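I opened this model to look up a few points and wrote each one down. The entries are in the order in which I checked them.

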Amino acid sequence: MTKQSPDLTVFITTRESSCDECGEELGRHAWITLNQDKGAFCLSCADLDHLIFLPAGDAALTRRARKYSNLSAVVLQWSRARKRYERQGLLVEQQALEQAEQECLADADVRTRRREREAERRAQFDRDYVDRFAGRVRELFPGCPSGREMAIAEHACLKYSGRVGRSADAKQLDEDAIRLAVIAHVRHVETRYDTLLARGYDRQDARAEVAAAVERVLAQWAVRK
Ligand SMILES: [Zn+2]
């Protein structure tokens with residue numbers, strides 16, 4: 001698929017900031033998106049927090065990862081010394097990065113990199129919480145493809161790690177919390193949502209566009225196969 005619209009951009013802030021949607025205090029050096037009318041959003045609220053950061057430096061890898069990613073964002077940071085925004089790297093989909101790595105590297109290197117990346121991610125997880133969350137997903141959506149419950153639970157866990165103020169609420173494994181996490185996953189993985197965002201759709205419009213498709217998948221997953 002070719003992209004017609006300009007890249008989405010993510011800024012690493014240089015001063016204290018907060019998210020204009022969820023109100024989260026993001027501290028200094030937060031990763032945000034800026035919207036002319038609506039202000040600054042954290043990556044969770046911007047629906048970009050499932051993307052993986054690929055630091056600048058490897059041109060071939062970057063070009064390929066961008067090509068395979070339905071949704072990608074350029075990460076910029078203001079350089080005080082040079083008085084301009086400098087490209088730090090690219091946020092891309094995990095499977096796009098893996099495909100790009102596979103083309104760029106020998107297999108052994110790919111496996112090493114993947115292991116390192118996974119270890120890095122897993123180190124941030126509250127393992128117990130992830131397992132309980134995954135178990136609840138499986139209970140509520142017994143028809144969901146094998147392994148997805150883990151992906152959904154890990155994403156939910158990543159999202160709430162470091163969000164101390166909200167973690168007590170967020171960690172409640174009630175049906176609504178589980179359902180919201182599953183919906184977010186289905187939207188990204190099973191619908192054209194990311195492609196629409198990449199084309200510059202507003203999040204609300206993109207969500208409306210894929211709502212019926214999300215409902216169809218949820219209905220299938222709710223039934224044991
Ligand atoms: Zn937010």
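The entries below cover the sheet, a helix beside it, a pocket and a salt bridge.

Entry 1, ground rules. I noted that this is a predicted model, in which local features need pLDDT of at least 70, side-chain atom pairs count only at pLDDT 80 or more, and totals for chains, interfaces and linings use all residues. Residues are numbered from 1 along each chain as its sequence is written, and side-chain values use heavy atoms, with hydrogens and water left out.

Entry 2, the sheet. I took helices (H or I, at least four residues) and strands (E, at least two) as DSSP runs numbered from the N terminus, and counted two strands as paired if DSSP finds at least two bridges between them. I found an open sheet of six strands in the order E5-E4-E1-E7-E8-E6, with mixed pairing. Strand E5 (39–42) and strand E6 (52–55) are at the edges with a single partner strand each, so one side of each has no neighbour in the sheet. On average, neighbouring strands of this sheet are turned by 40° against each other, direction ignored; axes here are lines fitted to C-alpha atoms, for helices over the stretch in contact, and angles run from 0 to 180 degrees between N-to-C directions.

I looked up E1 (residues 8–12) and E7 (residues 73–79), which run parallel and are joined by five bridges. Phe11 stands opposite Leu76 in E7. E4 (residues 31–35) pairs with E5 in the antiparallel sense over four bridges, and Thr33 stands opposite Phe41 in E5. E4 and E5 form a hairpin, with three residues between them.

I counted a side-chain nitrogen of Lys or Arg within 4 Å of a carboxyl oxygen of Asp or Glu, and the structure holds 10 salt bridges. In one, Glu21 pairs with Arg203, the closest N and O atoms being 3.0 Å apart. This pair links distant parts of the chain, 182 residues apart: Glu21 is in the loop between strand E2 (17–18) and E3, and Arg203 is in helix H9 (residues 203–221).

Which residues lie nearest the centre of the largest pocket? I listed Asp49, His50, Leu51, Arg121 and Leu158, out of 50 lining residues. A pocket is an open set of points on a 1 Å grid over the protein atoms alone, where a 1.4 Å probe fits, with protein on both sides within 12 Å along at least five of seven lines; lining residues have an atom within 4 Å of a point.
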